[in-house]
Every structure is written in structure tokens, then in C-alpha cells.
Amino acid sequence: LREHEEFTKVKNIATIELGRYEIETWYFSPFPPEYNDCLKLYFCEFCLNFMKRKEQLQRHMKKCDLKHPPGDEIYRSGTLSMFELIWPFSYCFFFQIDGKKNKVYGQNLCYLAKLFLDHKTLYYDVDLFLFYILCECDDRGCHMVGYFSKEKHSEESYNLACILTLPPYQRKGYGKFLIAFSYELSKKEGKVGTPERPLSDLGLLSYRGYWTRVLLDILKRHKGNISIKELSDMTAIKAEDILTTLQSLELIQYRKGQHVICADPKVLDRHLKAAGRGGLEVDVSKLIWTPYK
Ligand code: ACO
Ligand code: ZN
């Protein structure tokens, strides 16, 4: 019932200010009741604390000494960095906002993210998750572009719980970068992974695009037969996701009770042309990370 109420609640905050962007929100997010009367919220782009008035933010910016998300920087390539945040993480903030202390980054990130995610009750169990925050860095600091979260231990082999690219950064390949990153972590863990369901329309489009491109690239290069299991071992993509992707590309035949990949070069070329841009690449040599035990 509680979830249902969440879904059907009317959008409360209409716009947010974050760094140099003013962003229109998409969905309801369960901000604390004292923010119910606000149409606009002002976020500190570094610690993600949010305020009701512009002057409060300006005052805050003078004393906020954060220039990047808390946590470890586990990837840096060019101007792109990834930070990993474990919950509960090693340091907390003690800013005074409307009499409330201890607004923590992970929680703030969830409030912010929910404004763009409709079907998630992402808020309640933040303590079981890892956050991977993607930033574009310049001399002013590291500006959050998007993030994904991941359960610390997933029974269902989920390697991603929630993914978001902030609207000003969408359709530039960051989503595919985040997805690729989640699979690189799975490879390091020696596991296959799949995103948590249900996927949003945009989530599904992005995943289909990613799976399609990765699989077509391998099939194009590979000589001779290859099985779904082998593809799964190479990519960390779950076998079911490989099967549905290849089926939708009509590259699967069912012979003698088995799914067989039929990769006709002409068909591959046609699909590759249609598959669009590859997105931003993850340079694995720049990823410094060991899996959690
Ligand atoms: N219209 C049509 N196709 C789109 C659109 C759009 N508005 N946005 C993305 N796509 C498709 C395209 O195929 C695109 O590839 P292309 O640009 O090469 O054609 C592909 O998805 C991915 O594009 P990216 O630029 O790599 O992805 P982006 O940075 O825009 O992020 C994301 C995608 C994360 C899904 C973003 O749209 C978003 O944050 N949406 C709101 C939150 C959300 O729905 N998250 C997923 C929920 S499901 C889950 O979390 C498990
Ligand atoms: Zn701040």
C-alpha cells in the first residue's frame, strides 16, 4: 500500500537548481514534510544538501568545503571520474539545515534521484547499497553527471539497482558509460549481472542499446561458432539478456531443442549500422577496484 501511495503521489517539487543548471523535475520525491510547500529547491552540487532559498545556498557554498562526492575515487580518465560510496560510509556531514542535522550524502542523492525515477522505492534501504557517482571534473570541482547504485550482495545477480543521468547530461553517452561500468565491476567479481527490474522505458532503451552493441561487436569479430554461455562469460551479461537481445535481432534459431546463434555477416552489418553510437568508453586500465567480500 505504501508503495502504491508513492507511485500515485502528485509531483511536489517542480524545479531544482544544481550547479549551473536549473532542472525541471519529472516525478514525486518524498522530501521531508517541511519542504512540502516548495516548488523549487536549491541543491549544493557537491554535498547534495538542499535548501529552500537561494540565499541559503549562497551562504552554504561559502562554507561547504567539498569539491567532489565523498568516497573513494576508483576511476579517472580524462575529465571523467567515478567515486564509490559505501553505506554507512566513513564520514558524515554536520550541516545545519532547518534545524536538522546529519543530512547525509547518500540520502540526499536518493531524494534527488527519485525526482527522475518513477517506479522505484529506492529510498528505504539505502544502507545495503553501494553508490557509483560519475563526475565531470574541472578546476571548480567534480560535477555530478549521474550515478548508479548496486546492492552489496544480490541474491538475484543484480549488478545495478538504479541508474540515472541528470537531464542536462542525457543523450550524450553517459548512460551507456554507467551501464558498461556496472558490467566491468561484475567482470572483476567474476560474476554475471543484470539490472534490477522493472526497467523504465528509458532504462530499457539504454540497456537494449548497450547489449546490442556489445554482442554485435563480438559476433562481428569472432570466427566460427559461439555459444550464449561463452558470450556471457566474455561480457558478464546474463544469459537470458543475451538470448532476448539476439532473439530481437533475429540472430537465434532453435535447433534440436537448443538455441543456436546464426550470425550471418550481412545481417550483422545491417544491425551494426542501425545500432547507433557506441557511447563513452570505459577504459578498464583506469579502474582501480577490488570486489567486496
Ligand atoms: N529518447 C529515445 N531514446 C533514448 C532517450 C530518449 N529520450 N534517452 C536514451 N535513449 C536511448 C538511445 O538509444 C540512446 O542511445 P543513442 O543516443 O546512441 O541513440 C541510449 O538510450 C542511451 O543513451 P545514453 O546517452 O548513453 O544514456 P543517458 O545518459 O541519456 O541515460 C538513462 C540513460 C540513465 C536511462 C536516462 O535516460 C535517465 O536517467 N532516465 C531517468 C531515470 C531512469 O529511467 N533510469 C532507469 C530506471 S531502470 C533502473 O534503474 C534499473
Ligand atoms: Zn555543500
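This is a predicted model: local features need pLDDT of at least 70, side-chain atom pairs count only at pLDDT 80 or more; totals for chains, interfaces and linings use all residues.

Entry 1: I started with β1, residues 15–18, and checked its two faces. Ile16 and Leu18 make up the covered face, while Thr15 and Glu17 sit on the uncovered one.

Next I looked for the partners of β1. It runs antiparallel to β2, and 4 bridges join the two. In that pairing Leu18 stands opposite Tyr21 of β2. The hairpin of β1 and β2 has 2 residues between the strands, and Gly19 there takes a positive phi near 60°. On to β3: β1 pairs with β3 in the parallel sense, again over 4 bridges. Thr15 has Lys40 of β3 as its bridge partner.

**Entry 2: the sheet that β1 belongs to.** In which order do the 4 strands of this open sheet come? I read it off as β2-β1-β3-β4, with mixed pairing. The edges are β2 (21–24) and β4 (50–51); each has a single partner strand, so one side of each is left without a neighbour in the sheet. I also checked the β3 and β4 pair: β3 covers residues 40–43, and the two strands are antiparallel over 2 bridges. Phe43 faces Phe50 of β4 there.

**Entry 3: the other sheet.** I then followed an open sheet of 5 strands, in the order β5-β6-β7-β8-β10, with antiparallel pairing. Here β5 (72–77) and β10 (162–165) are the edge strands; each has a single partner strand, so each has one side without a neighbour in the sheet. The twist from one strand to the next averages 20°.

Strand β8, residues 141–151, is joined to β10 by 4 bridges, and the two run antiparallel. Phe148 has Ile163 in β10 as its bridge partner. Then I noticed a helix: α4 (residues 174–189) lies across β6, β7, β8 and β10, and runs at about 45° to β8.

**Entry 4: helix α7.** Which residues of α7 are buried? I found Asp241, Ile242, Thr245 and Leu246. Looking down the helix axis, I saw these buried residues fall within an arc of 125°, so they line one face of α7. The face turned away from them carries the exposed residues Glu240 and Ser248. What do the buried ones pack against? My list is β11 (194–195), α5, α6 (228–235), β12 (252–255) and β13 (258–261).

I took α5 as the one to look at in detail. The axes of α5 (residues 201–221) and α7 (residues 239–248) come within 10 Å and cross at roughly 85°. Angles of 65 to 115 degrees count as roughly perpendicular, and α5 and α7 are therefore roughly perpendicular to each other. From α5 the contact uses Arg208, Trp211, Thr212 and Leu215; from α7 it uses Asp241, Ile242, Thr245 and Leu246. The residues of this contact split into 4 nonpolar, 2 polar and 2 charged.

Entry 5: Ala236 has a positive phi near 65°, although it is a residue other than glycine. Its place is the loop between α6 and α7. Is Ala236 buried or exposed? It has 22 other C-beta atoms within 10 Å, and the cut-off for buried is 20 or more, so Ala236 is buried.

Glu250 also has a positive phi, near 55°, and is a residue other than glycine too. I found Glu250 in the loop between α7 and β12. With 11 C-beta neighbours inside 10 Å, Glu250 counts as exposed.

Pro198 lies in the loop between β11 and α5.

**Entry 6: stepping back.** I finished with the totals. The protein has 8 helices and 13 strands. Of its 293 residues, 33% count as buried. Among contacts between residues at least 6 apart in sequence, 56% join residues at least 24 apart.

Methods. Residues are numbered from 1 along each chain as its sequence is written. Chains are lettered from A and ligands numbered from 1 in the order in which they are written. A residue is buried if 20 or more other C-beta atoms lie within 10 Å of its own, exposed if 12 or fewer, and partly exposed in between; C-beta atoms are placed from the backbone. Two residues are in contact if their C-beta atoms, placed from the backbone, lie within 7 Å. Axes are lines fitted to C-alpha atoms, for helices over the stretch in contact, and angles run from 0 to 180 degrees between N-to-C directions. Angles under 35 degrees count as roughly parallel, over 145 as roughly antiparallel, 65 to 115 as roughly perpendicular and the rest as oblique. Ala, Val, Leu, Ile, Met, Phe, Trp, Tyr, Cys and Pro count as nonpolar, Asp, Glu, Lys and Arg as charged, and the others, Gly among them, as polar. Two strands pair if DSSP finds at least two bridges between them. The arc is that of the directions from the helix axis to the C-beta atoms.
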